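Trainee: I am new to this structure and would like to go through it with you, one question at a time.

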Amino acid sequence: MHDSHLSLTLASLDDTAKLAERFASLLEAGDVLLLEGDIGMGKSFFARTLIQSAQDEPEDVPSPTFTIVQTYDSRLGEIWHTDLYRLGGPDDIIELGLLEAFDTAICLVEWPDKLQDLAPKSALTLSLSQGSQEDARDVDLRWSDPKWDDRLKAVIHA
């Protein structure tokens, strides 16, 4: 394992959507994206766009703020979209079955700080923050699993 880092600037919501669509083209079962950022920074928008672009018939993708977990069928396999904001801690996460999903599904996790030590070492972290314009976002990507090296080159240079 090695620690790697990449920073991107997305000038608009359209750029954010395009990044999510590119991610949807390379994810596979067992991939975990940890989505960090303050409220309103686009975590749910990114996840919604990714999920819908992986579906043959895009369906409504609500934020899982109240349901905590939403699952979707896609041509990539099962996708879990989770919002851990309202959870108390790791014990609640174990009860959700999320640890098993980390191995068998694509998992998009909002508020991943709640995972604490349960966060998979192979996960890719995307931190979204306010860019220089209203709809612009700065995205900081961090990973330690080498599986992301070539895959991220494909995302960035698509």
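Trainee: Are α1 and α2 parallel, perpendicular or oblique to each other?

Mentor: This is a predicted model, in which local features need pLDDT of at least 70, side-chain atom pairs count only at pLDDT 80 or more, and totals for chains, interfaces and linings use all residues. Residues are numbered from 1 along each chain as its sequence is written, and side-chain values use heavy atoms, with hydrogens and water left out. Helix α1 (residues 13-24) and helix α2 (residues 43-53) pack at about 50°, their axes 8 Å apart. Angles under 35 degrees count as roughly parallel, over 145 as roughly antiparallel, 65 to 115 as roughly perpendicular and the rest as oblique, and α1 and α2 are therefore oblique.

Trainee: Which residues of helix α5 are buried?

Mentor: Buried means under 20% relative accessible area, exposed over 50%, and partly exposed in between (1.4 Å probe, protein chains only). In α5, which spans residues 147-156, the buried ones are Trp-148, Arg-151, Leu-152 and Val-155.

Trainee: Within what arc do the buried residues of α5 fall, seen down the axis?

Mentor: An α-helix has 3.6 residues a turn, so residues three or four places apart point the same way. The face of α5 turned away from the buried side carries the exposed residues Asp-150 and Lys-153. The buried residues of α5 line one face of the helix, because the arc, taken from the directions from the helix axis to the C-beta atoms, is within 100°.

Trainee: How far apart in space are Gln-116 and Pro-90?

Mentor: Gln-116 lies in the loop between β5 (106-110) and β6. Gln-116 and Pro-90 are 26 residues apart in sequence, while their C-alpha to C-alpha distance is 7.0 Å.

Methods: Axes fitted to C-alpha atoms, helices over the stretch in contact; angles between N-to-C directions. Helix = DSSP H or I, 4+ residues; strand = E, 2+ residues; numbered from the N terminus.
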